[in-house]
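Morning, everyone. I'd like to walk you through one structure today. Have a look at it first.

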Amino acid sequence: MSGYKSDFLNVLDERGFIHQCSDFEGLDALAARNEVIAYVGYDCTARSLHIGNYLTMMMLYWLQQTGNKPVTLMGGGTTMVGDPSGKDETRAMRTIEEIEANKTSIKGVFSKVLKFGDGANDAMMVDNADWLLKLGYIEMLREVGRHFSVNRMLTMDSVKLRLEREQEMSFIEFNYMVCQSYDYVELARRHGVNLQMGGSDQWGNIVNGVDLGRRMGTHQLYALTTPLLTTASGAKMGKTAQGAVWLNAEQFSPWDFWQYWRNTEDADVIRFLKLFTILPMDEIRRLEKLEGSEINEAKKVLANEATALLHGREAAEQAAETARKTFEEGALAETLPTIEVPASEFAAGMGVLSLFVSAGLAASNGEMRRHVKGGAVRVNDEQVTDDRMTLDPSNLRDGVIKLSLGKKKHALVRPV
């Protein structure tokens, strides 16, 4: 279905957020009347959320911008259970103190993207510990558990994959989908919530909640998921050689965040501009027409806008200026040596090890292999993990490539 009545679904559709919906027509009618109260749940398993969470935060952002109400649910209770979705083994159990510390650390990021307050479509934050920790076991079994079919639970991906691989699944994890479904019912009763959103891996859990609401007599509930993101080359979105791309500045600096987006593959730039920035679609369509090396301009816009939204415009401009000095002015030319290589050789691809040796950063290819193994080698500030990597014109940044060995040895390569 396309050409929705509501601004909300039209925006999500145009920007590429929609994967599955339990009832497009019903949800569209609600959204057209600005009556959607939607939530996304965020477990407190780490001190920061990551890029995958940023995608659902953007869904909440557009929900609010189109006149509806977002709810962020902190998983103070469900984190004690542990979501088995997409996991091959049981998550490490977090202590109550760890969960509370993580929750406090995470909370601040939402106000960067959403407007909280007491207004009709102001965002609100709730915590499922408020009801899950007060439930009596027998009460939970009688009131909620009786609505769940074990036969059906065994068909859910999060359970089925573990069983097929003969990997253990603990009873506590098996209960996760019950807790998540019950969250939806509680939020519907307490706050009038009528939509749960999440990544496509959460579809089964969300639909269970819709079904539980029907069985327990709530108003009509809806489910909406966004595609799980992979890059054009098939890699999982949000992973770098250093690990996850965190949203908290302490875990992943605004500079690293800016660089992450600047290093986007050409084929992903427009898709990510739609998903991770609030740039108007007209401007994105203009950038979509850029070709060849001009695509670098679109990458800079992506880096600037995504970073400004999360860390503020000043941090984004500072990162952009640092990058400009590094790449366009020859990386503070007085401190960074530049080596020139024949353009014809470079066009065919040059081995990363020999380039570092030519630049005087190491004595031999053997030494470079050890550095690669030790994680000390970077090209354009991205860690090199393959010692057979070759560099060619696709790696150029404004005419140069930055080579780094450790934190203090740098050089620029410029084809001539």
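I'll start with the ground rules, then take the aromatic rings, then a sheet.

This is a predicted model: local features need pLDDT of at least 70, side-chain atom pairs count only at pLDDT 80 or more, and totals for chains, interfaces and linings use all residues. Residues are numbered from 1 along each chain as its sequence is written, and side-chain values use heavy atoms, with hydrogens and water left out.

Rings first. Phe, Tyr and Trp rings (six-membered ring for Trp) pair if their centres lie within 6.5 Å; planes under 30 degrees apart are stacked, over 60 edge-to-face, the rest tilted. The whole structure has 12 aromatic pairs. One of them is Y54 with F257, edge-to-face, at 6.2 Å centre to centre and 65° between the planes. Y54 sits in helix 3 (residues 51-65), F257 in helix 13 (residues 254-262), 203 residues apart. Helices here are DSSP runs of H or I, at least four residues; strands are runs of E, at least two; both are numbered from the N terminus.

Buried or exposed, Y54? Buried, because its relative accessibility is 0%, and buried means under 20% (exposed is over 50%, partly exposed in between; 1.4 Å probe, protein chains only). F257 is also at 0%, so F257 counts as buried.

Next, Y260 and W261: edge-to-face, 5.1 Å, 75°. Ring pairs link Y54, F257, Y260, W261, F272 and F276 into a cluster.

Now the sheet. It is open, with 5 strands in the order 9-15-14-11-12 and mixed pairing. Pairing takes at least two DSSP bridges between two strands.
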